[in-house]
Amino acid sequence: MPNTPSINFNFENRNVQASVPLLGVSHVLARTTKGQFNKPDEIIGSWNKFQEIYGDEIVPDGSISNIKKAFELGSKLRISRVAGSGEVSQGTGKVINLFDDSPSVDGAYTFQIILNNPDDTTQTYTIGINIKTKEAGSAIVDNTGYGLNRNFYLKLYKASSPSNKYYLQQFTAYNKSGEDSSTVINIPTENILANNLIFSSAGEGQTPFIEPSVFQDFVNNAPNLELSVNLEGSTTNSSGTGIDSTDTMLSKLKEQGINGVINYLISCQNWNGYIVAPFYTYETDSWEKHTNDKLGDTPSYVIINEGKNGGDSDVSTWVDAYNAIRGYNDGYQLILSHVHQHIKNDYTEAYKQIADDVKAKFEIVLYVEVPKYKAGTFEAQQQPEIVSSLKTLIPTVGQAKNICYYAGGIKYYDANGSLQNCDVLGSVIGLGDSSASNYGPYRSFSGMNRGIIPDALGPVTDNLGGPGMIEELQELAEWYCNLFVIKDTSTQGKRTMLWHGFTSNPKSDSEKFLSIVRLNLYIKKNLRPILERYIEEPNNWVTWKNIYLEGRVIMDDLVDNQAITSYEWIGDQYATSYDDLQVNNEADVRQGKYHLVLKYKDIVPLQEITVDIIIDSATQDISINTENL
């Protein structure tokens with residue numbers, strides 16, 4: 001049957017952002033001056049953001065932070081803060097009478113939120129709230145020091161306004177004027193740390209309302225402090241009907257925590273609400289404590305400390321920090337920052353325990369640092385001492401394709417202009433992340449093209465970058481050691497650069513090169529989301545073909561970017577029946593199993609160049625002109 005001429009338009013929108021793993025991300029275990037322990041929830045992209053969350057990195061010898069150098073070179077970091085091995089506790093608020101001549105602490109502090117139904121006053125919820133510091137042992141009073149457990153103060157007060165607006169002010173010091181009933185607490189502006197609205201509700205004569213968003217905002221954003229439910233201070237009016245019983249409310253609050261409080265505020269946002277908190281007034285000849293009265297003109301004061309950070313770390317706290325971060329799969333590099341300075345006698349055991357898991361999982365590369373100084377001194381280790389250290393360190397920590405060793409230290413000027421002997425791992429991960437972001441993790445970041453650090457002043461050890469040091473470098477290579485050297489460049493003069501890009505793979509295959517190991521990690525991290533997306537899909541050749549069509553985009557890109565020369569995808573993707581299967585078999589397929597073979601030819605980094613320079617011999621033909629003889 002003939003068809004009339006026509007024009008048809010078919011539209012397909014491929015402008016959909018693909019979700020692929022990040023490049024240039026490293027995982028760092030570190031001791032810092034503040035921040036939550038073992039909570040690597042966020043990828044941090046700058047030093048300023050790091051300081052906002054974690055303060056400063058603790059570097060016992062006073063040299064430049066690994067984390068700071070990594071950020072300067074282009075890293076994005078996921079950081080797990082290492083706790084101390086002693087008592088770790090948050091600061092807890094306690095009631096105090098600041099008006100008295102000798103302020104005395106008066107037990108654990110709790111304030112209560114009272115919610116009352118204006119249409120039935122027998123319906124009342126009373127919810128107790130405790131106040132603690134968000135972090136254990138973090139600096140709050142000022143940004144200096146850590147683990148000092150200093151006191152600071154809180155003032156819970158009702159603002160002068162038609163509505164009930166309650167604020168919680170944090171301050172470090174105060175002074176007093178007047179005596180007894182006329183005593184006034186004065187808080188200098190420079191001593192105020194924060195002043196946040198914590199609760200808002202209708203005042204006298206206003207249409208009843210409660211603003212749950214105010215309380216939610218305080219919970220989410222108020223600095224330094226954390227609220228928790230005090231179950232003993234929570235109850236319902238026993239005569240009330242149509243509301244949760246005390247047992248029901250306590251069960252919800254126990255299960256939901258502070259979110260349960262917010263849920264009650266939401267369900268009661270057309271009710272009246274106010275706060276009851278302990279405060280003091282001077283009555284006749286003494287100070288009287290009020291515990292069941294609405295907070296009004298007289299504020300409630302609290303003393304609270306910064307908490308304890310546990311002091312010095314040990315092997316177990318470093319392992320705990322690693323266990324907290326290993327659930328994240330976005331990193332290519334892992335370092336234990338300055339661990340050999342923090343636990344000088346036991347750092348190899350920390351490396352060993354973490355290395356055992358790293359080897360078993362093959363999800364990241366662990367970088368191990370050989371200390372820059374001889375044990376117990378500030379004298380730099382030279383090549384013979386580095387080799388001796390490696391002979392002890394490698395058998396203890398282990399050899400694997402995803403464990404690398406770095407030595408020799410590196411020199412930088414600090415912010416004060418002093419030349420510092422620094423650890424190397426921050427510089428190493430910075431180079432690795434920068435190279436991964438710009439060229440892909442499968443390119444080597446050693447050598448003159450991607451391994452130069454312009455502001456470095458060479459290694460702490462003697463420079464081994466000269467042509468006459470080949471034997472020393474070869475011995476280090478035989479012990480899988482990577483280090484910084486100074487070499488001449490064709491356009492930049494002498495520069496400090498990373499030399500060698502070896503793993504500690506004991507086999508003589510291409511995975512002795514770090515770039516090839518990172519290539520395999522790249523393939524694994526990029527194919528996994530594709531493969532996992534097809535879990536629970538029909539296990540047949542249609543699904544296998546779709547997997548191939550998505551996966552080949554990644555592999556083709558590797559060919560285009562000179563990471564591999566070619567590849568073979570062998571996974572029965574062109575089968576149309578069970579009879580066509582070559583890699584898989586019907587029995588396994590019908591049990592939900594699928595087998596895929598991916599073969600490729602890698603491109604390794606150039607390592608050795610041989611140049612034959614030949615001075616050519618003179619021609620043997622001799623021509624003599626005899627005409628003028």
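Strand 7 (residues 110–116) and strand 15 run antiparallel and are joined by five bridges; here Leu115 has Gly273 in strand 15 as its bridge partner. Strands count as pairing if DSSP finds at least two bridges between them, and the elements themselves are DSSP runs numbered from the N terminus, with helices (H or I) needing at least four residues and strands (E) at least two. This is a predicted model, where local features need pLDDT of at least 70 and side-chain atom pairs count only at pLDDT 80 or more, while totals for chains, interfaces and linings use all residues. Residues are numbered from 1 along each chain as its sequence is written, and side-chain values use heavy atoms, with hydrogens and water left out.

Inside the order, strand 20 (residues 333–336) pairs with strand 21 (residues 365–369) in the parallel sense over three bridges, and Leu334 sits opposite Leu366 in strand 21.

Next come the helices. Helix 9 (residues 383–397) packs with helix 11 (residues 470–478) at an angle of about 10 degrees, the axes lying 10 Å apart. That makes the two helices roughly parallel (angles under 35 degrees count as such). Axes are lines fitted to C-alpha atoms, for helices over the stretch in contact, and angles run from 0 to 180 degrees between N-to-C directions. On the helix 9 side, Gln383, Ile386, Val387 and Leu390 meet Glu472, Glu475 and Leu476 of helix 11, where contact means heavy atoms within 4.5 Å.

Helix 11 turns up again at the largest pocket, giving five residues, the largest share of the lining. A pocket is an open set of points on a 1 Å grid over the protein atoms alone, where a 1.4 Å probe fits, with protein on both sides within 12 Å along at least five of seven lines; lining residues have an atom within 4 Å of a point. The volume, about 890 Å³, is the space filled by probe spheres set on the points. Of the 33 lining residues, His500, Gly501, Phe502, Leu606 and Gln607 are the closest to the centre.

Conventions: Angles under 35 degrees count as roughly parallel, over 145 as roughly antiparallel, 65 to 115 as roughly perpendicular and the rest as oblique.
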